[in-house]
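Hi,

Here is the structure I promised to pass on. Have a look at it first, and then read on for what turned up.

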Amino acid sequence: MEEDRESQANELLALSSIFEDEETFMAHEDKSGGSFYTDVELPSDCTIKLIGQMVQQARALGILLRGEDDEENKARFMLVNHLPPIELTFNYPRDYPSKSAPSFTLSCKWLSVKQLNKLCEKLDEMWTENQGEVIYCWADFLKSETLSFLKLSSPITLDTSDLPRTMRQRSHLPGPGGDDGRTHQGAVGGNAGSDAGIPQARAVQDIAALPNLIPTIVKYDRDRREYIFNKTPNECGVCLEGKFGSDCIMFDACGHVYCKDCMKEHFSVKIRDGDVKGLLCPDIDCESVALPSQVKALVEPELFEKYDAALLDLSLSEMGDIVYCPRKSCETPVVKEGNMGQCTVCGLAFCILCKTTYHGLEPCKVSEEEYKRLADNYENATEDEKSIMEQRYGKHNLRQVIENCNSEEWIRKHSKNCPNCDRAIQKFDGCNKMTCMKCRCFFCWLCFLVLPRSDPYSHYRGGGRCANRLFAGMEGGDMGDEEDDEEDDDVMDIVNIENWWQFVA
Amino acid sequence: MSSPPPNKKRIDADIIKLIEAKREVTILRGLNEFLVKFYGPKGTAYEGGVWKVRVDLPDKYPYKSPSIGFLNKIYHPNIDEASGTVCLDVINQAWTPLYDLSNIFEQFLPQLLSYPNPIDPLNGDAAALFLHKPEDYQKKIREYIQKYATEEVLEEQENPSSSSESSMSDFSEDETEGMEL
């Protein structure tokens with residue numbers, strides 16, 4: 001017996017160290033046995049066949065299903081990478097491994113009691129065939145041979161015949177009344193060598209009722225994928241640093257992975273440039289778009305707000321000829337007619353620019369002064385007055401107005417307005433031929449002329465006032481400063497080359 | 001004083017890649033400014049020409065694209081004749097942080113020289129010639145190469161034979177033409 005105890009301790013020790021990394025094995029504290037959580041190996045691209053209510057459940061969880069969409073009651077297929085594990089719990093009898101098999105239970109969320117019982121019998125058989133330390137063989141079998149042994153292959157059909165259809169059913173019914181003393185959930189196993197007197201349910205389908213099955217499977221699959229992703233080292237293709245998945249993000253559509261630091265910079269640069277449509281996977285020619293939630297998790301809150309607003313702007317402007325009725329109680333989408341919109345529901349005719357009653361050719365009345373007055377009033381108001389104003393204008397709108405007023409001066413100092421659409425534009429770099437990010441017109445940064453689409457650079461040639469000033473005023477540029485105006489091309493070029501070569505020397 | 005910038009490893013790798021591809025790289029200042037020797041792509045009128053291309057990496061590299069300038073003159077619709085600047089737009093539109101400097105020199109510049117975009121030109125004369133008098137266009141490119149973009153001209157500029165300090169500004173188009181060693 002002493003020998004058996006030693007063998008047991010050694011087996012637990014070996015199992016613990018073999019499965020340490022996977023974290024799938026735990027020895028009981030008193031060394032009387034242990035538990036395995038065995039992920040069944042699935043073929044790649046494995047799907048589960050869904051029928052009836054399972055289809056709706058999966059859809060409600062946002063899972064994209066495969067299968068023809070035209071026939072409403074047909075089966076659909078759900079891609080899974082991982083299924084919830086089979087839990088094997090074993091206890092050593094005193095005379096294991098010399099004489100008796102360990103007693104054990106198998107429980108699983110997606111295998112039926114019938115299927116689990118077949119597995120139990122197979123484990124018994126494995127013990128009978130070659131006695132001795134058997135646990136590793138059992139775990140390995142469950143991992144790699146469960147599917148083939150149960151004759152399951154993708155698409156996997158779940159055996160749900162024994163599951164209660166609803167939670168209520170479960171609490172009231174004792175089960176479908178099994179043949180050999182089965183409960184609906186567990187089954188008695190004739191475990192060779194165990195105390196025959198106390199029947200034990202050793203196969204358990206550990207799920208309350210059918211409605212819980214799909215959500216449980218989906219959640220496990222997601223969690224497991226995330227767990228594995230987080231533990232897997234990746235080399236970020238942008239900074240070339242090795243980082244664990246937990247410091248990375250993955251683009252949903254393409255599966256490309258980059259580190260969070262790089263994507264934070266990537267997104268921030270794009271948002272600052274007003275290029276919100278381009279929050280794409282950086283892979284060459286890859287069209288996967290970052291999810292707003294991913295952007296939000298990475299960039300500074302102000303930048304996210306900017307991105308969010310620009311995105312909304314963009315989608316509205318892409319709708320082109322649609323505006324919303326300005327009446328708060330109405331807000332019907334209305335088709336533009338020039339500067340006017342006429343609501344088909346409430347009949348209001350309104351100016352699409354200032355959102356007040358249509359005023360024909362008169363300019364919009366909402367002036368800068370009015371905004372300023374509103375902002376001043378609000379900032380100096382008592383708490384009560386403030387809440388009244390907030391009710392009337394909306395807290396968010398008021399904050400926006402104040403922000404606009406405060407930054408107005410900054411904008412005036414640092415930006416110029418697009419001569420075509422009036423959007424304020426700041427120039428960081430590059431030549432004086434500007435492209436407005438909003439209306440995409442070309443204009444000259446020096447004289448504000450809208451430049452011809454066909455040849456915008458013609459403006460900087462010939463004898464016009466901006467001739468040869470394409471790069472005038474560029475920071476660090478030694479070209480075309482105001483004084484250089486009279487110099488001709490060749491002279492400037494020599495000055496230029498001279499400077500370059502000073503760097504080299 | 002300060003720790004290396006987060007993009008240092010990436011910039012190092014970019015430069016090493018250029019050097020491994022047998023590019024001649026001269027570091028100008030820090031790791032953000034350098035010169036790369038660029039040879040005109042084979043099978044184009046630029047074949048045989050050699051240019052010193054200045055690369056400026058912005059602080060936000062590789063999230064922002066590098067600025068590229070030709071130091072010795074080149075005749076091309078999308079390159080400013082006077083300053084050698086390659087239009088920012090052209091690089092920006094295609095740029096993603098996964099591109100690196102070798103992409104610029106192995107793909108982007110050869111592509112640009114082989115297929116100019118005359119629709120949005122920086123050098124209108126070149127664009128007009130390219131569209132309407134392709135033979136003159138090619139001729140002009142070769143003339144420019146003879147004047148400004150041969151190994152001899154580059155060498156002459158680097159080690160001026162006349163020792164006077166003002167030699168650079170004495171360069172004129174006529175003189176450079178006969179300046180072979």
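Where in chain B is B:Lys22 found? B:Lys22 is in the loop between helix 1 and strand 1 (25-29) of that chain. Before going further, please keep in mind that this is a predicted model.

B:Lys22 is worth a click for its backbone: phi is near 65°, a positive value in a residue other than glycine. With a relative accessibility of 75%, B:Lys22 counts as exposed. A:Lys31 is not a glycine either, yet has a positive phi of about 65°. Look for A:Lys31 in the loop between strand 1 (25-27) and strand 2 of chain A. A:Lys31 counts as exposed because its relative accessibility is 55%, and the cut-off for that word is over 50%.

While you are looking at loops, there are cis peptide bonds to see as well. In chain A, the bond from A:Ser154 to A:Pro155 is cis, with omega near -5°. A:Pro155 sits in the loop between helix 4 and strand 7 of chain A. In chain B, the bond from B:Tyr61 to B:Pro62 is cis, with omega near 5°. Here the loop is the one between strand 3 (50-56) and strand 4 (67-70) of chain B, where B:Pro62 is found.

Now for the helices of chain B. Helix 1 (residues 8-20) and helix 3 of chain B cross at roughly 35°, and their axes come within 8 Å. Helix 1 of chain B brings B:Asp14, B:Lys17 and B:Leu18 to the contact, and helix 3 of chain B brings B:Leu101, B:Ser102 and B:Phe105. By class, the residues of this contact are three nonpolar, one polar and two charged.

Is B:Ser102 buried or exposed? Its relative accessibility is 9%, so B:Ser102 counts as buried. Apart from neighbours within four places in sequence, B:Ser102 is in contact with B:Lys17, B:Leu18 and B:Gln107.

Over to the strands of chain A. Strand 2 (residues 33-38) and strand 5 (residues 86-91) of chain A run antiparallel and are joined by six bridges. A:Thr38 stands opposite A:Ile86 of strand 5 there. Strand 5 of chain A is also joined to strand 6 (residues 103-108) of chain A, by five bridges and again antiparallel. In that pairing A:Leu88 has A:Leu106 as its bridge partner.

A:Leu106 counts as buried because its relative accessibility is 0%. Leaving aside neighbours within four places in sequence, A:Leu106 has contacts that include A:Ile86, A:Leu116, A:Leu119, A:Leu123, A:Leu142 and A:Val204.

A:Lys49 stands opposite A:Thr157 of strand 7.

Last, a helix pair in chain A. Helix 3 (residues 113-129) and helix 4 (residues 135-149) of chain A pack at an angle of about 135°, with their axes 11 Å apart. That angle makes helix 3 of chain A oblique to helix 4 of chain A. Their crossing is right-handed. From helix 3 of chain A, residues in the contact include A:Leu119, A:Leu123 and A:Trp127, and from helix 4 of chain A they include A:Trp138, A:Phe141 and A:Leu142. Counted by class, this contact has nine nonpolar, one polar and two charged residues.

Cheers

Definitions and conventions
Residues are numbered from 1 along each chain as its sequence is written. Chains are lettered from A and ligands numbered from 1 in the order in which they are written. This is a predicted model: local features need pLDDT of at least 70, side-chain atom pairs count only at pLDDT 80 or more; totals for chains, interfaces and linings use all residues. Side-chain values use heavy atoms; hydrogens and water are left out. Buried means under 20% relative accessible area, exposed over 50%, partly exposed in between (1.4 Å probe, protein chains only). Contact means heavy atoms within 4.5 Å. Axes are lines fitted to C-alpha atoms, for helices over the stretch in contact, and angles run from 0 to 180 degrees between N-to-C directions. Helices (H or I, at least four residues) and strands (E, at least two) are DSSP runs, numbered from the N terminus. Angles under 35 degrees count as roughly parallel, over 145 as roughly antiparallel, 65 to 115 as roughly perpendicular and the rest as oblique. A crossing is left-handed if the near helix is turned anticlockwise from the far one by less than a right angle, and right-handed if clockwise. Ala, Val, Leu, Ile, Met, Phe, Trp, Tyr, Cys and Pro count as nonpolar, Asp, Glu, Lys and Arg as charged, and the others, Gly among them, as polar. Two strands pair if DSSP finds at least two bridges between them.
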